[in-house]
Amino acid sequence: MSTPATQARNLYKWLEIATAELIPPSGERIRLEIEAHFADSVESHQANGCSEAEAHAAVLAELGDPIEAAKRFRRRHLTEKDAKQVRQMLNVGGIARLLAWYAMDALFYIYFLYFLKGHHLPLGFIAAALIMLAALQTSCFFVARPKGSKPDIRLLALTHVFYDGCFVVILTLMAVGTSWAGVSVGLIALCLNFIRNLRLWFKLGQVETIWPEMPSRGAPAP
Amino acid sequence: MNFRGVLPTLILQNLSRGPNHGYRIAQEIKQKSKGVLDFKEGTLYPALHGLEGKGFITSQTRVENGRTRCYYELTEKGKKALAQDKQEWRRVSGAFNLILKEAM
């Protein structure tokens, strides 16, 4: 027969499963709430005539399936993976890095102009696309580093969604009618990034008011 | 029947009478529904956190008798959402009753 001590260990096992993959502040918050709920519920069962062991067993059963709970908590809280993605977005570096990105963009277009010889797009389109991507990149940079306030993470995610989306469209337009071979890997990577950022943007809509969860710029990895 | 979809509305209704913590919210819903609506913790807390994420409720941590409790409180946005949910529920349940009556 299981004792209250083993059942208490089961509570921690339940919590471990239910809060797996969540960032530590979320896991801690859930742990404290469930522990208090558990203690209240055990007291209530004991007041109704259950022994301590019976009360613990009943309350553990009432907790439900930890795997299902984990799925629901992951929808409502940032996971380690989400936090890593947010940190990557926030880690924009300084002006020198932004200038380096502009240079990368320019090199990318030079490569394409060379690679896609005889492309059907007018040079004006290429120039407009280059300016638009540079503008979106600049937006990502300044949204991630607002002066005197915390960055708006959801807006940052949305800016990245626009950037990746525009890049995908431009790349597709450039490749249509010429060659897909040279762009397929880049296009797939961009599409995946676009979906990843879009998913994060949706999720941040669910958790954005829970500010303690948001890793601040330059915060160490949990 | 799966009643999980109505949990957020039930939580908002409970909090419309004042701040409350998770355990008491669950108990009050269970008592008022005469045991029909008994939500497990693994369902209740994600729903509470979801409502907080949407800005319908706010939370405040208090320590009582050595236990860390999170008290939830309805916001103005939450009050509006509750009013809308109630209206929608009356409309849908009215239609549902009409169909069930017809089937009898």
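The accessible surface of chain A comes to about 11600 Å² in this predicted model. Carbon and sulfur atoms account for 67% of that surface. Of the 222 residues in chain A, 41% are buried.

Chain A has nine helices.

A nonpolar patch lies on the surface of chain A. The patch is formed by A:Ile95, A:Leu99 and A:Phe142. Together, these residues have about 310 Å² of accessible area. A:Leu99 belongs to helix H6 of chain A, which covers residues 95-115.

In chain B, one residue was examined in detail. B:Leu82 is found in helix H4, which runs over residues 76-103 of chain B. Is B:Leu82 buried or exposed? The relative accessible area of B:Leu82 is 6%. The cut-off for a buried residue is under 20%, so B:Leu82 counts as buried.

The surroundings of B:Leu82 were then listed, with residues up to four places away in sequence not counted. B:Leu82 touches B:Thr9, B:Leu12, B:Gln13 and B:Ser16. B:Leu82 and B:His21 are 61 residues apart in sequence. In space, their C-alpha atoms are 18 Å apart.

Note on methods
Residues are numbered from 1 along each chain as its sequence is written. Chains are lettered from A and ligands numbered from 1 in the order in which they are written. This is a predicted model: local features need pLDDT of at least 70, side-chain atom pairs count only at pLDDT 80 or more; totals for chains, interfaces and linings use all residues. Side-chain values use heavy atoms; hydrogens and water are left out. Patches are made of residues with over 30% relative accessible area and no salt bridge: like charges are joined within 9 Å, nonpolar side chains (Val, Leu, Ile, Met, Phe, Trp, Tyr) within 5 Å. Accessible areas come from the Shrake-Rupley method with a 1.4 Å probe; for residues, only the protein chains shown count as cover. A salt bridge is a side-chain nitrogen of Lys or Arg within 4 Å of a carboxyl oxygen of Asp or Glu. Helices (H or I, at least four residues) and strands (E, at least two) are DSSP runs, numbered from the N terminus. Buried means under 20% relative accessible area, exposed over 50%, partly exposed in between (1.4 Å probe, protein chains only). Contact means heavy atoms within 4.5 Å.
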